[in-house]
Amino acid sequence: MPTIKTNGINFYYEERGSGEPLLLIMGITAPGAVWNVHLADWKHHFRCIIGDNRGVGLTDKPAGPYSTEQMADDYAGLLDSLGLENVHVIGCSMGSTIAQQLAIRHPHKVKSLVLMCPWARCDNYAKGLFQHIMNAKARFRPEEFSLYIQLLIFSKSSWDDAKQHEDLENGRSVDAFNPFPQPLHGLEGQAAACINHNALPELGKINAPTLVIGGREDIFTPVWMAEEVAGGIPGAELFLYDKLGHAFHFENTEDFNARVRNWLTSAPVA
C-alpha cells in the first residue's frame, strides 16, 4: 500500500488512471475511497491522486487539533514526493478548505480548483454544527452517527426517492461494520480545522481558474458560503444545483462527473 512521509505523518494515497494529474481531497470523516463513484469516470481522463486525510482511513491519526493550513502542507508534501506541480485540484467540503489553503500557500502547485460545497469561514451556527458532530460521534453507535451525517448532507429529494432511500439505509448498515472506523480524536482534530478555517482575507491571492459548486438545498454548508467563496476568488465561476443538498455529487453523479470533467479539460489558463 503506497504510503509516504509528509509533514511529520505517514500519509496513505492511491493513484488511478493516466493523463494530467488531478488531486482529490475529501471531506470530514471520509477516506479517499469515497471518491470511487467519480473516479469511475475521471480515471479515463486524468491521473487521479487520492489521499486519506490526516485523522482518517489508513493515514496517521495524531492527536489534534489540526488546521487546514497543516493539512494543505500534508498534500504539498505528497505532491513533492510524486515530483508534481501545477496539478488540477478538487476539494469536497472540508477538502475544499484544504484546497483553498493549498492554492494560497503553494500557488505553483495548483493549476485549477474545483471547490465543492465550500466555506471560507464559519459563522457561529456552523461552529455549533461541527461541535454537535463531535458530540454525536462520541455518543452514537456507528450506524446512528451515519444517519445523522446523512440527514445533514442529503436533500429531501433523495430521502423521498425509494432507490436512494434504500441506498442510504444500506450505507448505514455498512458503516455499522466498518473495519477502519475513524477514531473520535481523529474527527475532533478535523472538526477543529473546519471550525478555525478562515481564508476569506486571502482568497483574493488565488489566481488559479476556479469553479465553485454547491447545492441550493444544502443545510450543512448553506449557499451563502459558496457565494462568499466564489465572490472572494478573482474570476471564479459558481454553479448551484437546484433541489440538491451537500451531497449533490452523489445525488446527481452523472451530471456532476461530466460537468467537472468538461470544465477541467476546458478551464482557462491563469
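Q: Which residues does the UniProt annotation "domain: AB hydrolase-1" cover?
A: According to the unreviewed UniProt entry, this annotation covers residues 21-252; such positions are given in the numbering used here, feature names are shortened, and annotations may be inferred rather than shown by experiment. This is a predicted model, in which local features need pLDDT of at least 70 and side-chain atom pairs count only at pLDDT 80 or more, while totals for chains, interfaces and linings use all residues. Residues are numbered from 1 along each chain as its sequence is written, and side-chain values use heavy atoms, with hydrogens and water left out.

Q: Why is the aromatic pair of F130 and F220 called tilted?
A: Rings of Phe, Tyr and Trp (its six-membered ring) pair if their centres lie within 6.5 Å, and planes under 30 degrees apart count as stacked, over 60 as edge-to-face and the rest as tilted. The centres of F130 and F220 are 5.6 Å apart with 55 degrees between the planes, so the pair falls into the tilted class.

Q: What makes this pair tie together parts that are 90 residues apart in sequence?
A: F130 lies in helix α4 (residues 124-139), whereas F220 lies in the loop between β7 (210-215) and α9 (223-232); helices (H or I, at least four residues) and strands (E, at least two) are DSSP runs, numbered from the N terminus.

Q: Why does F220 count as buried?
A: Buried means under 20% relative accessible area, exposed over 50% and partly exposed in between (1.4 Å probe, protein chains only). F220 has 5% relative accessibility and therefore counts as buried, and F130, with a relative accessible area of 2%, is buried as well.

Q: What makes the pair of F239 and Y241 edge-to-face?
A: The two ring planes of F239 and Y241 stand at 90 degrees, with 4.8 Å centre to centre, so the angle falls in the edge-to-face class. F239 is partly exposed at 25% relative accessibility, whereas Y241 is buried at 5%.

Q: How do you know that R259 lies over the face of F239?
A: A charge sits over a ring if NZ of Lys or CZ of Arg is within 6 Å of the ring centre and within 35 degrees of the ring normal. R259 lies at 3.8 Å from the ring centre of F239.

Q: Why is α4 called roughly antiparallel to α5?
A: The axes of α4 and helix α5 (residues 142-153) come within 9 Å and cross at roughly 160 degrees. Angles under 35 degrees count as roughly parallel, over 145 as roughly antiparallel, 65 to 115 as roughly perpendicular and the rest as oblique, so α4 is roughly antiparallel to α5.

Terms used:
Axes are lines fitted to C-alpha atoms, for helices over the stretch in contact, and angles run from 0 to 180 degrees between N-to-C directions.
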